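Here are my notes on the model you sent over, written as numbered points. Have the viewer open while you read.

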Amino acid sequence: MPETFEEIINRILRDHEGYDGNGGTGALPVGDRSTAQRPINKRDLREALKSFADVDGNAADAILARDVAIEVSQNPEDAPVSIGGFSALHHSAKASAAQRGAEIAETGAGAKLAETIIARDTTISASRIDQFVADSTERDALTVASGYRVYMRSDRHLWEYDGATWNDEGLDPTEEKADKASVPKSGSSPVSASGGVMSDRYVTPQGVAAAVANQSALPARNNLLANASVAALLSAVTLMASEVAALKSEVADLRGGGTAADYYIDGTSGDDGNDGLTNATAYASFAPLIALSAGSLDGKVVAVRRGTSVAPMDASVFVADGCTVKSYPSHILSKPYIDCTAAIGAWTLHASGVYKVTLTRDHSGGAKYFGNYFRNAVPMRKVQSVAALSGKGNFVVFAENETTGTVTLYMNAPSDPGADGAAYRWAKYGHAVRLSGAGNNAFGLEGFACGQQDGMFVLANAGDNAGGHTLADCTMWWGGRHSALIGSGALASASLRNKYYGGANEIETGGVLNASGTANSLVFNTPDHSGANCVSQGNVYDGMGRQNYIAGTPRNFTGPYGHDGVDGRAMASFTIAADRYVGMTQIHNTSGAVGTIEDCVFENCATLLAMGQVDGSTYTISRNTGQINVLVSNLSGTDVSIVSRSNKWDILDCGAGSAGFVRSGEGGAGVTNFDTESDTYNVRGVRLAVTSNNRVLFNIKEGHIRAVGATVYPDIALPIKYLIKAAAAVTWDSDNGGNTWPVGATFSDAGTDLSLAGMISAGNDGVTSAMHVMPPARVVDDFDRPDETLASGGYTLLDGADAMSVSSGALAVTSGDTGVYSVAKIAGGVWAAKTTDGVVSGGGPGIALRGLDENNWIMLRETSTAYQIMTRNAGSFSVAFSVTSVTPAAGQAVFAVLMPYTDPNTGTETTRVWLYVDGVALVSNEALTVPAALVGVEDIGFVTRGSAIDPLMSDVSWGAVDQVFAA
């Protein structure tokens, strides 16, 4: 038999080579010393990961099983026993086998997942190193227990103590070469430390520490990759479970001998003169059923044949309770298609570049008839008058008298639209399917472009608060203001596995231009939904890149929403689960007293949760992933509690032009209680048009903040200024702690800027919180060597006087002469860190973030009163930033970043600067004009000018800005 995944891992990740216990199989007992030791190598890891990839086959097995069941239902050798039906006994036997196969595959994938997690943890822990030592003398001086492992820098080998002697385990298999410059020993030339990250060419303790930090970071990054792989498997298993659920539904249908229905509609072969009672005598449209009296369809099932097109119900309605409109017979055919559009006829010239056409409905329209107009199936932009067409470009329209039975459509066009070969259509018909009553359902239908704003598919209450409706497995293209409307009430209503593509119009009720107003893909509606429970689960909401009448401005599309006759009245609960959102402006406006948003995926979406309708709601947001720019926007003064758990957010445009990813309290006295735990925030960008003090992750004016186990990326050069900006009315939870913040994380508490250390001291964060580890340094110099000038000690004097020297273990300036030194080249972004030892009155020397010659450089320096970023461009001096809020003093830790940055809104790239002193941001993501001569220059080092000073600084390090984000 082939090896199981667990057996493969036990074999290739065992601790010792040649283990023959348990008959040569099984896991090695921990601590067994019976055979030769064997470290794990990269080939082992490659084999383990390849085996891990084979888990995908289980999902394929489940899908194959589903396809077998579907094929069974279509097998031509099975003789029909009735019109539209097959042998129930025959299919029951085959379908049971197929279902069992799917269940086995599903169970197998779950088992493989558990094995994978175990294997991942084993892999991560396999290369344990307890300590780094310089040589055998330091190693032999250790007093340790058996099993203790060290890395010895002199030979770059791993050694393990067996209780009596040290045993050589060979060269570290995870060692990687590093392209790192270092300050050489006195009298030697600069050397690239490419012979191993623990090379003794790092001449200072700080250099060794930087190398160790780089080495230690590798397992953590590999851990991120392993977790990402497991997350992908979890997603695959979830998808497979959905496939299996659909298969079970089909199997149940097959066991029942086919689709059972009270009435059948076949848009291809049916006839409205038939009785509609069987597939063979199906109707051709909904018309015969519309003609029935109210209540005639109570509890009835209306089946519409898949693969056919059916005329829409338009303004008509089924008045019934418990009525279901569904598709049949098999998922192998496309859904029944209900097109609410009609072709646009002959155009006439109205004025130069403007054509018009008269469009007629089958009825007088109504106040909510504001539909879309299409060119080649894509909606055209609309304006509010003929005059407004001017300057808007071609194929922009104005619909005159749109709410009536006769509409005049005007359109900008370069020539007669009737002769340009394009297909022009308009949303003539109100609804695809519409039912009114309690407990109605629509399953497996597809609709295109309704003309009435309240929805393509409508399952409405009959003026009451009954609810109990389900819309499932339907597809909606370009609905009105709402693609679907579902009545809510005492009985739970749900939208399940539907696809909402595009939708909305710009001109809504009353002919008012509403370019910025929302258009909800789905609305749950009732006169009073205070007792309602509504669910959106497994749906896709896609904005389809729709633009409004202002060129380049995205339409305000939203996801599921609840509305009753009185704004501010909350429904009992609103659940959003396992949905996918693409290109949406807003996902949800608080509608429930209690709300849940979980296990959803977001792609390029703006706002997740907006307040305003309901006061005092509590929403739990958990296990979601994807791109969201605003998590919570509470500007209306309402009270809300947000509980956020185990989400992973990619924030491409933090705040989307507003003041915060979580923004609360600016519109009134509303209280926001924000509780984040085990969440990950990748803050990738912020609009530079937003002022620095408003570039915030959590911006709360009044309420309570709890932050436990939160992690914020990137590790360095955070594009926003504040992680948390809290006003005086905000309280901090005593549980706060265990958070990981970016290097230089800055907070604002009641108007006071605080570092992480300041937050901990104030009791706002816990001692278990920390910043990310500084990225590995490319150059480290602590000047711990004999006194000498920099040029004689390995630095390159690019231009000017050699006026900097090592002096008593620190850097000193010996004269006021100008000189520029280079120690290495770093491409792209660069950071520099140092400890201040002395300050010069009036300013003088400093660290070169970029240097070419005496007349062209960018320098970090301090005066007696300010920290500064200074440039010299073709001999002309300029102080780009001078910060006096912190007085320079000996012992201060200073950190600066210079890097290119692209605005997420405009796409413009500029060079930006960050400056931190003792962990507080003094300059955050601000523009710097780079001297023309320095474009493309990569040299880093020092600039000396001004007064002599001894000492100037006791240590300095430089590194490349290689930002780390969560996978």
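**Notes on the predicted model**

1. Let me start with Asp 420, which is partly exposed, with a relative accessible area of 28%. Keep in mind that this is a predicted model. Asp 420 makes a salt bridge with Arg 375, and the closest N and O atoms are 3.4 Å apart. Asp 420 sits in the loop between strand 19 (406-412) and strand 20, while Arg 375 belongs to strand 15, so this pair ties together parts 45 residues apart in sequence. Arg 375 is also put down as partly exposed, because its relative accessibility is 24%.

2. Next, look at Lys 428 and Asp 362, whose side chains meet in a salt bridge at 3.5 Å, N to O. The two come from distant parts of the chain, 66 residues apart: Lys 428 is in the loop between strand 20 (424-426) and strand 21 (433-436), and Asp 362 is in the loop between strand 14 and strand 15 (373-375).

3. Strand 13 and strand 14 (residues 354-360) run antiparallel and are joined by three bridges. For a landmark there, find Thr 348, which stands opposite Lys 356 in strand 14.

4. Now to strands 46 and 48. The side chains of Arg 706 and Asp 675 form a salt bridge of 3.0 Å, N to O. Arg 706 is in strand 48 and Asp 675 in strand 46, so the pair ties together parts 31 residues apart in sequence. Both Arg 706 and Asp 675 are buried. They also belong to a salt-bridge network that links them with Arg 645, Glu 677 and Asp 735. The count for the whole model is 27 salt bridges.

5. The count of aromatic pairs comes to 23. One of them is Phe 674 with Phe 698, a tilted pair with 4.9 Å centre to centre and 50° between the planes. Phe 674 lies in strand 46 (residues 672-677) and Phe 698 in strand 48 (residues 696-708), so this pair ties together parts 24 residues apart in sequence. Both of these Phe residues are buried. Elsewhere, ring pairs link Tyr 500, Tyr 541, Tyr 581, Phe 602 and Trp 649 into a cluster.

6. Two Arg-over-ring arrangements are worth a look. Arg 139 has its charged end over the ring of Trp 159, 4.5 Å from the ring centre. Arg 684 places its charged end over the ring of Phe 965, with 4.2 Å to the centre.

7. Last, Gln 868, which is found in strand 64 (residues 867-873). Is Gln 868 buried or exposed? It counts as buried, because its relative accessibility of 8% falls under the 20% cut-off. What does its side chain contact? There is a polar contact of 2.8 Å with the side chain of Arg 861, and another of 3.2 Å with the side chain of Ser 882. Leaving out residues up to four places away in sequence, Gln 868 touches Met 859, Leu 860, Arg 861, Thr 863, Val 879, Phe 881 and Ser 882.

Conventions. Residues are numbered from 1 along each chain as its sequence is written. This is a predicted model: local features need pLDDT of at least 70, side-chain atom pairs count only at pLDDT 80 or more; totals for chains, interfaces and linings use all residues. Side-chain values use heavy atoms; hydrogens and water are left out. Two strands pair if DSSP finds at least two bridges between them. Helices (H or I, at least four residues) and strands (E, at least two) are DSSP runs, numbered from the N terminus. Buried means under 20% relative accessible area, exposed over 50%, partly exposed in between (1.4 Å probe, protein chains only). A polar contact is a pair of N or O atoms within 3.5 Å; within protein, one must be able to donate a hydrogen and the other to accept it, and residues adjacent in sequence count only if both atoms are side-chain atoms. Contact means heavy atoms within 4.5 Å. Rings of Phe, Tyr and Trp (its six-membered ring) pair if their centres lie within 6.5 Å; planes under 30 degrees apart count as stacked, over 60 as edge-to-face and the rest as tilted. A charge sits over a ring if NZ of Lys or CZ of Arg is within 6 Å of the ring centre and within 35 degrees of the ring normal. A salt bridge is a side-chain nitrogen of Lys or Arg within 4 Å of a carboxyl oxygen of Asp or Glu.
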